[in-house]
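Q: Below is a structure to be discussed term by term. For each label, the question is what cut-off it rests on.

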Amino acid sequence: MQPLANITPLKPAGAIEVRNVGQIFRTTTQDVVALEDVSFDVKPGRFVVLVGPSGCGKSTLLMMMAGLRQQTSGTITISGAPIPEPDPNRVGVVFQEASLFPWLTAEENVEFPLALRRVARNERRAKARDALKLVGLDGFGKRHPHELSGGMKQRVSIARGLVQDPPVLLMDEPFAALDEQTRMTMGDELLRIWAATGKTVVFVTHSLTEAVYLADEVIVMSPRPGRIVDHLQVSLPRPRTYEMLSGDAFGSLRDRIWRHIRKSA
Amino acid sequence: MRGLGVKAARIAIVVALFAIWEILSRTGLVNPRLLPSAFDTLATLGDLLQRASVRKDLAVTATEVVTAFALAVPVGALIGFLIAENRYFADVAKPLLFFAFSIPKSIFLPMFILVFGVGFAQKVGFGFFSTIFIVIMSTTTAVESVKVEHLTVARSYGATPMQTAFRVYLPSMLPVLLEALRISMIFNLTGVILAEMYASRDGIGHQIATWGENFQMKQLLAGVVMIAVIAIAFNELVRWVETRCSHWRT
């Protein structure tokens, strides 16, 4: 009989597994434990939010899931395989503000990942147009970033993350620099795009309201060392509405996260 | 409309300067032997440009300037790039570069003559020496103007080092580099012409020095106008490219 241990079960596209991940930053004077024994699963198509105070390592963790940084210990798999380096076919990343190239138009920014892979110009343009249409920027393709508002810039970033149609979209505080109203609108827009595409989304934020409003699941992290202190399911119905913000269910979820964060701050 | 008004005002100032020059000379307020009239100077300039010897001098100077520039810019850019990309080099070299940059380069000219003799190598060498420090410093500034966020984006989409160089570094640095090119040329031209005026057998700088020594004021001023026009033309050309390449810089 052959042992079965070597056979890896096939994981569906978009599944994420984080197992016992740790990160230690070595400086000349001391070792700083940035992440300690972090484990969780994300099922395909789920919207998961990582929330926690600054210094809890949530952005670091996201960068590891993007293959932009390597953990000191533990494993991370995306669609069943580890991610030792960035793989745009599996993972799209949306960064904080100012990540668009100012010398390119919106369309060219969205085309950028395709241009790197030498996709033919016509195909590139067509895909970029589709992606811009999806994020509600039809007709803005020829503008440069400095001619777009903060919210529009982040829409372009999302379109760039989606243009290669990866099953996973990682978002690192994408709306942090936006004003409150734009931020709410962009949240609704993101949920619409997510519903339309069925992507797995992992979203990092420090806003509790944003976390509960967007998520299927919220993972709460504490700082120094960064570890998971709670993993809660948000069972509020979809589509989410502005009225839910003042409801009891929303409030109690928000309070539960706040209690964790207050304890660790 | 406003742009037009500004342009008109600019032209008016230049015309007025020439008019004042003409009047000062014609009325004898300034001795016309010291300051020949603007018209006479421009007429002399026309004559000089017809002369084969002057054309040869211009060609000599142009060759020197272009050679010095073509050497100093890539070498300086390479050094600047290496310094900026390596934190340790940057920490060590940057203050030293500032020291070197602050020393007037002209005091080294006699040494260039002793080492290279009087001729092409001495003039090109001094032009190179006058230019390279500003190129190095500007390149480090240009490299530092590349945003880390942009490099991360490129990496997250799987850019190769070559793609990162051409699609992120180059466009990020271009506006600063073009400005550097423009300013470097001012240093380069100054270096070469100074070398020609100090010790040389040919070149337009040598001619201007000779006209000065012989009290040929018309020729001297014509030479000044000639070099001014050439320098301004190059400067404006690069500035034009600059505005086309940096429209996104707000």
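Q: Why is B:A159 called buried?
A: A residue counts as buried if 20 or more other C-beta atoms lie within 10 Å of its own, as exposed if 12 or fewer do, and as partly exposed in between, with C-beta atoms placed from the backbone. B:A159 has 22 other C-beta atoms within 10 Å, so B:A159 is buried. The model is a predicted one, in which local features need pLDDT of at least 70, side-chain atom pairs count only at pLDDT 80 or more, and totals for chains, interfaces and linings use all residues. Residues are numbered from 1 along each chain as its sequence is written, while chains are lettered from A and ligands numbered from 1 in the order in which they are written.

Q: Where is B:A159 placed, and which residues does B:A159 touch?
A: B:A159 sits in the loop between α7 and α8 of chain B; helices (H or I, at least four residues) and strands (E, at least two) are DSSP runs numbered from the N terminus. Contact requires C-beta atoms, placed from the backbone, within 7 Å. Leaving out residues up to four places away in sequence, B:A159 touches A:L116, B:A154, B:T164 and B:R167.

Q: What makes up the side of chain B that touches chain A?
A: The contact takes 13 residues from chain B and 16 residues from chain A. On the chain B side, α7 (148–156) and α8 (161–198) are the elements giving two or more residues, and α7(B) supplies the largest share, six residues. By class that side has five nonpolar, six polar and two charged residues. Here Ala, Val, Leu, Ile, Met, Phe, Trp, Tyr, Cys and Pro count as nonpolar, Asp, Glu, Lys and Arg as charged, and the others, Gly among them, as polar.

Q: Why is chain A described as compact as a globular protein of its length?
A: Chain A has seven helices and ten strands. The globule rule is 2.2 Å times the number of residues to the power 0.38, and the radius of gyration is taken over C-alpha atoms. For 265 residues the rule gives 18 Å; the radius of gyration of chain A is 19 Å, close to that value, so the description holds. Of these 265 residues, 42% count as buried.

Q: What makes a set of residues a nonpolar core?
A: The members must be buried Ala, Val, Leu, Ile, Met, Phe, Trp, Tyr or Cys residues joined through C-beta atoms within 7 Å. The largest such core has 108 residues, and those with the most contacts inside it are A:M65, A:A159, A:L170 and A:V202. The element giving the most to this core is α8(B), with 13 residues. A second, separate core of seven residues includes B:L48, B:I204, B:I208 and B:A209.

Q: How do you know that β2 and β5 of chain A stand at the edges of their sheet?
A: Two strands pair if DSSP finds at least two bridges between them. The open sheet has four strands in the order β2-β1-β4-β5 (chain A), with antiparallel pairing. β2 (31–42) and β5 (81–82) each have a single partner strand, so one side of each lacks a neighbour in the sheet. Within the sheet, β1 (residues 16–26) and β4 (residues 73–78) of chain A pair over five bridges, and A:I16 has A:I78 as its bridge partner in β4(A).

Q: How confident is the predictor in chain A?
A: pLDDT is the predictor's confidence in each residue, from 0 to 100. Chain A has a mean pLDDT of 91, and 95% of its residues reach 70 or more. Over residues 1–9 of chain A the pLDDT is below 50, and this stretch has one contact in the model beyond near neighbours in sequence.

Key: Two residues are in contact if their C-beta atoms, placed from the backbone, lie within 7 Å.
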